[in-house]
Structure formats: structure tokens, C-alpha cells
Amino acid sequence: MAELVFFTGTMDCGKSTLALQMNHTHHQRGRRGLLFTQHDRSGAAVVSSRLGLAKDALEVGDDLDFWELVVRQRTNGRAVDYVICDEAQFYRPEQVEQLARLVDEMGIDVYAFGITADFRTELFPGSRRLIELADRTEQLQVRALCWCGKPATVNARVVDGHMVVEGEQVVVGDVGGAGSDGDGTDGDVEGGARVPVVEYEVLCRRHYMRRMNSAAARSASSSPELLPFDLDLCPLPGSPESSPVSRGEGASRT
Ligand SMILES: Nc1ncnc2c1ncn2[C@@H]1O[C@H](COP(=O)(O)OP(=O)(O)O)[C@@H](O)[C@H]1O
Ligand SMILES: Cc1cn([C@H]2C[C@H](O)[C@@H](COP(=O)(O)O)O2)c(=O)[nH]c1=O
């Protein structure tokens, strides 16, 4: 029985990796599939994983009609057994309905991958429709971690090092990684003006609510009198208490 499955989790939890793995596994078994994405971080029509895997994909424009595209493929003699959709949070609700129709009327498996909520903790329209229509919504098992070591549940936006809660819903970007010092001071200069550095950081709810991203926590730790939280509950970034392993929780954080 064909199904519509929505695989979700925070940014950086392995969704694109799983999308590529599923594509590989199904393809290896002789099933014919289509790989879609929208606004991949790499800027190209590609599904890219931070583990280094990447595969060309079809870019989902606002006017793409999944139903018509698959009908055309089949009319031209190309079988479609499954469809994989990365960055599905950006799809229009009508496009999610077309995906559901592929499942119900053509027996095609649809595996969609995406984050549920934006940096304001509001659902993306595409994700909302997927949650409403999917046969199953699965949370990825690998949980990204907040700087405090707790499982991250929220995607925060950080502009020039400061967490923000207002702005455009869609700004394509990456989580601040090894190449970033997290203070947002390495922005490009365009036409003489410095372009703000937009990054994302996954946080636990407590630190999201306190607007306490890792850079804010670091600067608070250098002025202890300003610390706005209970140190037992919220150890400072980099302190032994902030490590899930030192709290004896490492085994469950795979
Ligand atoms: N060098 C690495 N070694 C092992 N795992 C890594 C490495 N770099 C990234 N990862 C894993 O890849 C995950 C991100 O995968 P990705 O598919 O790009 O995430 P998503 O699509 O959910 O944003 C990280 O959470 C981490 O588990
Ligand atoms: C929270 C949030 C994210 N985005 C963008 C940033 C990235 O380009 C993608 C998520 O990609 P990933 O593969 O899950 O890491 O979404 C956005 O546009 N708006 C947001 O609020």
C-alpha cells in the first residue's frame, strides 16, 4: 500500500542524509523514483547532506504541479514508483495535496523531508499540510543538541550573532558550524555595505524562550552578575555540566 510519510526534525538532524539513503535503497532494488528539492543551501537543484553526499534533483518552483509532472513522465513511458521531496516545508499546501493524490490515485510512495517550524516557532504552510495529510509523521531519531546538551527542538535564527524572532519566514541558510565563530562578524561586503550574516542555531525550548543562543550565553558567562538563569538548570556553554555525557545521558543521545 503506497503511503505519504513526513520525516521531520530540527535543522541539522540528518533529514537530507536520510532522503539520499532512501533514494539509494529504493533505486538499488530496481524501483524508479524522482528526487525533488527547493532552495537547497548549496543554491543548486541538488539534495545535499552535511555528511558530504549530494545528488542532482528537480527544483520545485511555485508553479510546479506534481500530478501533471508524473502524468507526463508516465505518458512518456517512464515509470515512477516513488517520489522523494526534500525541504518540503517550502512547498505550497496545494503541492502537498498533489503529492497525496499521487499516493491515493497512482499508488506512488511519497517520502517528504523538512523542518516543521520556522525561527518564530510557527509552522511552515507546507509542513502544516503534510502533518494534516500524511499517513505517518516520523521524528528523526538523531536529535541535534542545544549548546546546553539537551535535545534541540527549535530552530533559532541568528543575525550578526544576535538571535532574532522577527523577519521574513524564508531565508535560506546554514547552522553556524566549525567555520563560524558564531558572532556574525564575517559577513560579505556588497556595494560597499556589509551584508548581515544570517545563520541558524538549534536550541532547546528553554533557551529559545530566554533568547539565549550560544553566543549570548558565552557573553553572559563573562559577566556573571548578568546571568539571567539558574546555573544548575542551564550550565554555561563548554562547562562540564553542559555535556550530556558528563550528566550520564550520552547513551540516549545518539
Ligand atoms: N563530519 C561528520 N561526521 C559525522 N556526522 C556528521 C558530520 N557532519 C555532519 N554529520 C551529521 O550530519 C547531520 C546533518 O545531516 P543533514 O542531512 O545535512 O541534516 P538536515 O538535512 O536535517 O539539516 C548532523 O546532525 C550530524 O549528525
Ligand atoms: C528555521 C528556518 C529555516 N529556514 C531555512 C534554512 C535552511 O535553508 C532550511 C532548512 O534546511 P535543513 O536542511 O533542515 O538544515 O530552511 C528558513 O528559511 N526559515 C526559518 O525560519
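These are legends for a set of close-up views of one predicted model.

Local features here need pLDDT of at least 70, side-chain atom pairs count only at pLDDT 80 or more, and totals for chains, interfaces and linings use all residues. Residues are numbered from 1 along each chain as its sequence is written, while chains are lettered from A and ligands numbered from 1 in the order in which they are written.

**View 1. The whole protein chain, to get your bearings.** You'll find six helices and 13 strands in the protein chain. Both are DSSP runs numbered from the N terminus: helices are H or I with at least four residues, strands are E with at least two. Of the 254 residues, 35% are buried. Buried means that 20 or more other C-beta atoms lie within 10 Å of a residue's own; 12 or fewer makes it exposed, in between is partly exposed, and C-beta atoms are placed from the backbone.

**View 2. What sits around ligand 1.** Look for Met11, Asp12, Cys13, Gly14, Lys15, Ser16, Thr17, Ser49, Arg50, Leu51, Val142 and Ala144. A residue makes this list if its C-beta atom, placed from the backbone, lies within 6 Å of the molecule. The shell splits into five nonpolar, four polar and three charged residues. Here Ala, Val, Leu, Ile, Met, Phe, Trp, Tyr, Cys and Pro count as nonpolar, Asp, Glu, Lys and Arg as charged, and the others, Gly among them, as polar.

**View 3. Ligand 2 and its shell.** There are 16 residues around ligand 2, and Met11, Asp118, Phe119, Asn155 and Val172 come nearest. Helix H1 (15-28) and strand S9 (154-159) each give two or more residues to this shell. By class, the shell holds seven nonpolar, four polar and five charged residues. Ligand 2 lies between domain 1 (4-139) and domain 2 (154-248), because both give residues to its shell. The domain bounds come from an automatic or database domain assignment.

**View 4. Two loop residues with positive phi.** Glutamate 87 isn't a glycine, yet its phi is positive, about 50°.

**View 5. Glutamate 168 in its loop.** Find glutamate 168 between strand S10 (162-164) and strand S11 (189-190). Glutamate 168 has 9 C-beta neighbours inside 10 Å, so it counts as exposed.
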